[in-house]
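Biologist: I've got a structure open and I'd like to learn how to read it. Could you walk me through it?

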Amino acid sequence: MRTTTSTPRTSPWLRRPAFVAVAALLVSPVASACGGDTGPAGTSPDTGRPSGPGTPGSPNTPGAPSTGATDGTGTPPAAGNSGGPGTSTAPVTPSAPGGTLRQVRASVYFLHGEKISPAPRSVNPPATTAGALRALLAGPSRYERAQRRTTAIPSGTALRSVVVHRQVATVDLSGRYDDGGGSLSMRARLAQVVFTATRFPAIEKVRFEVDGKPVTSFGGEGIVLNGPVGRADFEELAPLVLVESPLIGDTIRTPVRVWGSANTFEATFRLKITDAAGHTAANVYATATSGTGTRGTFDVTIPYRATRSGPGLLTAYWNSLEDGHAVIEDTVPLTVTR
């Protein structure tokens with residue numbers, strides 16, 4: 001059994017493949033309505049991907065800059081046990097019976113301890129990025145708080161606008177966003193916005209504004225933001241194994257697809273599923289595309305055998321090189337079905 005030692009956490013984030021939308025002569029009516037040059041459209045699905053309880057966003061309303069958004073991210077498909085890193089679909093806005101647009105899944109990133117942790121939300125197309133960010137600002141649900149999910153973003157912070165241009169999202173937040181907090185709190189709240197926005201493959205980095213003014217030095221700690229920032233800039237705030245699907249509160253059935261990213265020794269770690277009876281339903285090795293200082297992605301399908309349906313847990317961990325004890329990196333509360 002492989003063991004690990006502590007690894008540096010300053011490696012660059014390995015990105016999911018991005019779309020290149022080719023449109024030589026045709027102009028999308030949606031893009032024309034939004035105005036400006038937005039980033040390429042497209043999103044990647046996930047097994048419990050962004051959707052669930054939350055504060056949905058609403059489509060951009062022309063002439064209302066304080067609440068609208070030019071959103072070039074497209075819309076993620078509905079949740080299911082398919083999809084994963086590197087998979088993308090063309091932008092769609094499926095209609096429910098009666099012609100109304102269906103809500104779609106989005107992920108928002110809270111904190112579990114001092115590390116980033118995703119949670120599901122439902123948002124309204126086409127302004128999916130704006131919807132996800134508004135849901136993030138609304139904070140964790142009661143269930144998520146009971147599972148020790150927290151936020152470093154001050155209550156009352158409002159989204160003024162978000163504009164996507166050439167894979168950079170310019171996010172304008174109200175002045176409440178930079179109130180109070182030390183260095184860790186400031187970096188954590190920046191990371192929460194960055195991880196939430198970059199969950200959409202059309203967005204690689206985030207540029208921050210507060211009350212309409214570009215931010216070059218954030219908070220009293222003077223965190224330098226002299227350009228757009230991405231996930232790699234907050235590597236120390238991501239667990240060594242970051243499970244991005246399934247998400248907290250999801251219901252799973254066998255076999256379950258689990259994917260995310262990891263930066264562990266020799267890229268290996270373990271994934272354990274515990275059922276409602278406390279029984280270990282599965283405990284398998286997984287390998288990311290890279291590790292030992294470089295974050296890679298993983299995507300595995302795990303068959304499991306549960307003895308009882310109900311509340312369960314997915315645990316990502318690795319074994320200490322020194323004494324073999326389990327070093328837990330991420331836990332995801334789930335409903336496990338037989």
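Biologist: Where is the place of E144?

Modeller: Bear in mind that this is a predicted model. E144 sits in helix 3, which covers residues 142-146.

Biologist: Is E144 buried or exposed?

Modeller: Buried means under 20% relative accessible area. E144 has 3%, so it counts as buried.

Biologist: And with which residues is E144 in contact, leaving aside its neighbours within four places in sequence?

Modeller: Those are F110, A119, P120, R121, R149 and I248.

Biologist: Now the core. Which residues touch the most other members of the largest nonpolar core?

Modeller: A nonpolar core is a set of buried residues such as Val, Leu and Phe, joined through side-chain atoms within 4.5 Å. Here the largest one has 43 residues, and V171, V193 and F208 touch the most other members. Several elements give two or more residues to this core, among them strand 5 (168-173), helix 4 (183-197) and strand 6 (205-210). Helix 4 brings the largest share, eight residues.

Biologist: What about V171's own contacts, beyond four places in sequence?

Modeller: V171 is in contact with V193 and F208, and its other partners include L133, L159 and V206. There's also a second, separate core of 24 residues, including V241, I252, A281 and V336.

Biologist: Back to helix 4: how many of its 15 residues are buried?

Modeller: Residues three or four places apart in an α-helix point the same way, because there are 3.6 residues a turn. In helix 4, eleven of the 15 are buried, so it is largely enclosed by the rest of the structure. The buried ones include M186, L190, V193 and A197. Helix 4 reaches 22 Å from its first C-alpha to its last, close to the expected 21 Å.

Definitions and conventions. Residues are numbered from 1 along each chain as its sequence is written. This is a predicted model: local features need pLDDT of at least 70, side-chain atom pairs count only at pLDDT 80 or more; totals for chains, interfaces and linings use all residues. Side-chain values use heavy atoms; hydrogens and water are left out. Buried means under 20% relative accessible area, exposed over 50%, partly exposed in between (1.4 Å probe, protein chains only). Helices (H or I, at least four residues) and strands (E, at least two) are DSSP runs, numbered from the N terminus. Contact means heavy atoms within 4.5 Å. The expected span of a helix is 1.5 Å times one less than its number of residues.
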